[in-house]
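Please read this briefing alongside the sequence and the coordinates shown below. The points are grouped by topic, so that each can be checked against the atoms in turn.

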Amino acid sequence: MKSIFVASDVHGSALWCEKMLAAFDASGADRLLLLGDVLYHGPRNDLPEGYAPKQVIAMLSPYKDKILCVRGNCEAEVDQMVLPFPVMADYAVIALGDRVIYATHGHKFGPDNPPPLSDGDILLSGHTHVPMDEMRDIPEGQIRCLNPGSVSIPKENSAHGYLILTADDVIRGAL
């Protein structure tokens, strides 16, 4: 794998899902990693612009062989019944070049409560809807904490965003 397109918190917005998929296609990335909260907006969020979860299902389904996804706090078993790719794993561990990446939504493990990681590992999380790129100390050294922000409901005046991870670099993008 050469590169991974990372996005989070689509929250059922067909409008922003379409823009995300266009950016993914243009990026040439090998995989699309979704960090949860794919279909439902959740009780604490207003409906995102273009809210149409059934359309999001139809848009994502053709990409099923390229999507890796972890469960967000808004995913439910019914989401797995309608999506043709796994969405119920709490985390994924991915090797990209010499990097070990721990991908999770962020509502259980996150920068302030990291899972057991080693020096130089990367923690990918969403959930906050706010982009992040910070080094954090752990007992064994440091980890890099990355958050792409939100595809559909960005917070704290951030852009509708995503990341592209390569073996050598992190590229932040806006939709």
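## A buried glycine and its surroundings

G72 is buried, with a relative accessible area of 2%. The model is a predicted one, and the glycine is found in the loop between strand 3 and helix 3.

**Around G72**

- Leaving aside its neighbours within four places in sequence, G72 is in contact with G36, D37, H105 and H107.
- One of these residues, H105, is 33 residues away from G72 in sequence, yet the two C-alpha atoms are 5.1 Å apart in space.

**The chain as a whole**

- The chain holds three helices and ten strands, and, read from the N terminus on, its elements follow the order β-α-β-α-β-α-β-β-β-β-β-β-β.
- The C-alpha trace spans about 45 × 35 × 30 Å along its principal axes.
- Of the 175 residues, 51% count as buried, while the accessible surface of the chain comes to about 8,300 Å², of which 50% belongs to carbon and sulfur atoms.
- Among the contacts in the chain with a separation of 6 or more, 59% are accounted for by residues 24 or more positions apart.

**Aromatic pairs and a charge over a ring**

- With ring centres required to lie within 6.5 Å of each other, the count comes to five aromatic pairs.
- F5 and Y162 form one of these pairs, which is stacked, with 4.4 Å centre to centre and 15° between the planes; the angle falls in the stacked class because planes under 30 degrees apart count as stacked.
- Since F5 lies in strand 1 (residues 3-7) and Y162 in strand 9 (residues 161-166), the pair ties together parts that are 157 residues apart in sequence.
- F24 and Y63 form an aromatic pair that is edge-to-face, with 5.9 Å centre to centre and 70° between the planes.
- F24 belongs to helix 1 (residues 14-27) and Y63 to the loop between helix 2 (53-60) and strand 3 (67-69), so this pair ties together parts that are 39 residues apart in sequence.
- F24 and Y63 are each buried, and F5, F24, Y63 and Y162 form one aromatic cluster.
- Apart from the ring pairs, K19 lies over the face of W16, at 4.4 Å from the ring centre.

**Salt bridges**

- Side chains of opposite charge can pair when their charged atoms come close; in this chain, the count comes to four salt bridges.
- The side chains of D90 and K108 meet in a salt bridge at 3.7 Å, N to O, which counts because the limit for such a pair is 4 Å.
- D90 lies in the loop between helix 3 (77-82) and strand 4 (91-96), and K108 in the loop between strand 5 (99-104) and strand 6 (122-124), so the pair ties together parts that are 18 residues apart in sequence.
- D90 is partly exposed, with a relative accessible area of 35%, whereas K108, with 51%, is exposed, the class that applies over 50%.
- D133 and R144 also meet through their side chains in a salt bridge, at 2.6 Å, N to O.
- Because D133 lies in strand 7 (residues 132-138) and R144 in strand 8 (residues 141-147), the pair ties together parts that are eleven residues apart in sequence.
- D133 counts as partly exposed at 41% relative accessibility, and R144 likewise counts as partly exposed, at 23%.
- E134, which is partly exposed at 36% relative accessibility, forms a salt bridge with R136, the closest N and O atoms being 2.9 Å apart.
- E134 and R136 are linked with D112 in a network of salt bridges.

Conventions:
Residues are numbered from 1 along each chain as its sequence is written. This is a predicted model: local features need pLDDT of at least 70, side-chain atom pairs count only at pLDDT 80 or more; totals for chains, interfaces and linings use all residues. Side-chain values use heavy atoms; hydrogens and water are left out. Rings of Phe, Tyr and Trp (its six-membered ring) pair if their centres lie within 6.5 Å; planes under 30 degrees apart count as stacked, over 60 as edge-to-face and the rest as tilted. Helices (H or I, at least four residues) and strands (E, at least two) are DSSP runs, numbered from the N terminus. Buried means under 20% relative accessible area, exposed over 50%, partly exposed in between (1.4 Å probe, protein chains only). A charge sits over a ring if NZ of Lys or CZ of Arg is within 6 Å of the ring centre and within 35 degrees of the ring normal. Contact means heavy atoms within 4.5 Å. Accessible areas come from the Shrake-Rupley method with a 1.4 Å probe; for residues, only the protein chains shown count as cover.
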